[in-house]
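Please view the sequence and the model first, and then read the points below.

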Amino acid sequence: MKKHVWKKKIVPYIFIAPSVIFFSIFMLYPIGYSFVMSFQTSVGGEMTFNGFENYKRLFSDAIFLKALKNTFILLAVQVPLMLFLAIILAVLLHSSLLKWKTMFRVSFFLPAVTSLVAYSIIFSIMLMNDGLINQLLEWLGIGAIPWLSHPFWAKASLILAMTWRWVGYNMVIYLAALQNISEDLYEAASIDGASKVRQFFLITIPQLKPVILFTAILSTIGTLQLFDEPYTLTKGGPSDETLTIGMYLYQTGFRYFDFGYASTIAYVIVVLIAILSFIQFKVSGDER
């Protein structure tokens, strides 16, 4: 009997053992080893302990500070714009007055399933000096814009591409949340004389608050880790004006093979994500 009970207790652990082993080898070990490497530097091809020197180096690293600035500019502009457009589209596509809802929903969501590299390359071709966008602008009499060669327009190009890619993804999340809001709330508000705009701000937005917080945190994490779009679209240029922390981490680790400093940058990104997520929870008033 004892042997039978022992087998029943051990069998579940046998089933989850492969997952735990693989998770430990390919996730926990690299995370731990990267943390150790953040306190090391390469001397003669060997990693040696250097204390907090890598972290001190960050504050005097002009390229890192520029990458940090660029990343926060993209975060401050693109994320609110994207989430605002996603909410507006979700509300419009949730309306009972709109026909062909399924077609519109699929159309707006399709960019979310395209390859990051593929869509970045397409945007780079469209935004070339003689690309489709500039040809259209010249036809309208506006004149060509140096989308990829001017610091301001290069950032605008990234924001444009990222917004196109991710608006539909967040829109679907908001659509799912809107379908869980009781119609009784809107009917009661209509009876009290509330306009559609007042209903939007007094009912829709408060009801979507947890979902908005969720998408804001996901978008913040994604922006702080941004790599594919700037690497493919602008190569971080011109003059590092679109260089992001994610790109700088990649260059440090895999172009200059300074893995200790790259690990330091990675953990700085983790800390930034934690701080910004905490701030978003506090600003939203979510105590859970």
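Helices, of at least four residues, and strands, of at least two, are DSSP runs numbered from the N terminus. In this predicted model, the elements of the chain follow the order α-β-β-α-α-α-α-α-α-α-α-α-α-α from the N terminus on. The chain is more spread out than a compact globule, because its radius of gyration is 24 Å, well over the 19 Å that the globule rule gives for 288 residues.

**Overall form**

- Twelve helices and two strands make up the secondary structure of the chain.
- The C-alpha trace spans about 75 × 70 × 35 Å along its principal axes.
- Among contacts in the chain with a separation of 6 or more, 66% are between residues 24 or more positions apart.

**Surface and charge**

- Buried residues amount to 38% of the 288 residues of the chain.
- The chain exposes about 17500 Å², of which 71% is supplied by carbon and sulfur atoms.
- There are 21 positive and 16 negative side chains in the chain, and 12 Å separates the centres of the two sets.

**Helix α5**

- Helix α5 covers residues 116-126, and its buried residues are Tyr 119, Ser 120, Phe 123 and Ser 124.
- The partners against which the buried residues of α5 pack are α7 (151-178) and α10 (228-233).

**Gln 40 in strand β1**

- Strand β1 comprises residues 40-43, and Gln 40 belongs to it.
- Gln 40 has a relative accessible area of 15%; since buried means under 20% relative accessible area, Gln 40 counts as buried.
- Not counting residues up to four places away in sequence, Gln 40 touches Met 47, Thr 48, Phe 49, Asn 50, Asn 54 and Gly 260.

**Gly 237 in a loop**

- Gly 237 is found in the loop between α10 and α11, the latter being residues 245-255.
- With a relative accessible area of 14%, Gly 237 is buried.
- Once neighbours within four places in sequence are left aside, Gly 237 is in contact with Ala 154 and Thr 242.
- From Gly 237 to Ile 279 the separation is 42 residues in sequence and 31 Å in space, C-alpha to C-alpha.

Note on methods:
Residues are numbered from 1 along each chain as its sequence is written. This is a predicted model: local features need pLDDT of at least 70, side-chain atom pairs count only at pLDDT 80 or more; totals for chains, interfaces and linings use all residues. Side-chain values use heavy atoms; hydrogens and water are left out. The radius of gyration is taken over C-alpha atoms; the globule rule is 2.2 Å times the number of residues to the power 0.38. Buried means under 20% relative accessible area, exposed over 50%, partly exposed in between (1.4 Å probe, protein chains only). Contact means heavy atoms within 4.5 Å. Accessible areas come from the Shrake-Rupley method with a 1.4 Å probe; for residues, only the protein chains shown count as cover. Lys and Arg count as positive and Asp and Glu as negative; His and the chain ends are not counted. The place of a charge is taken as NZ of Lys, CZ of Arg, CG of Asp or CD of Glu.
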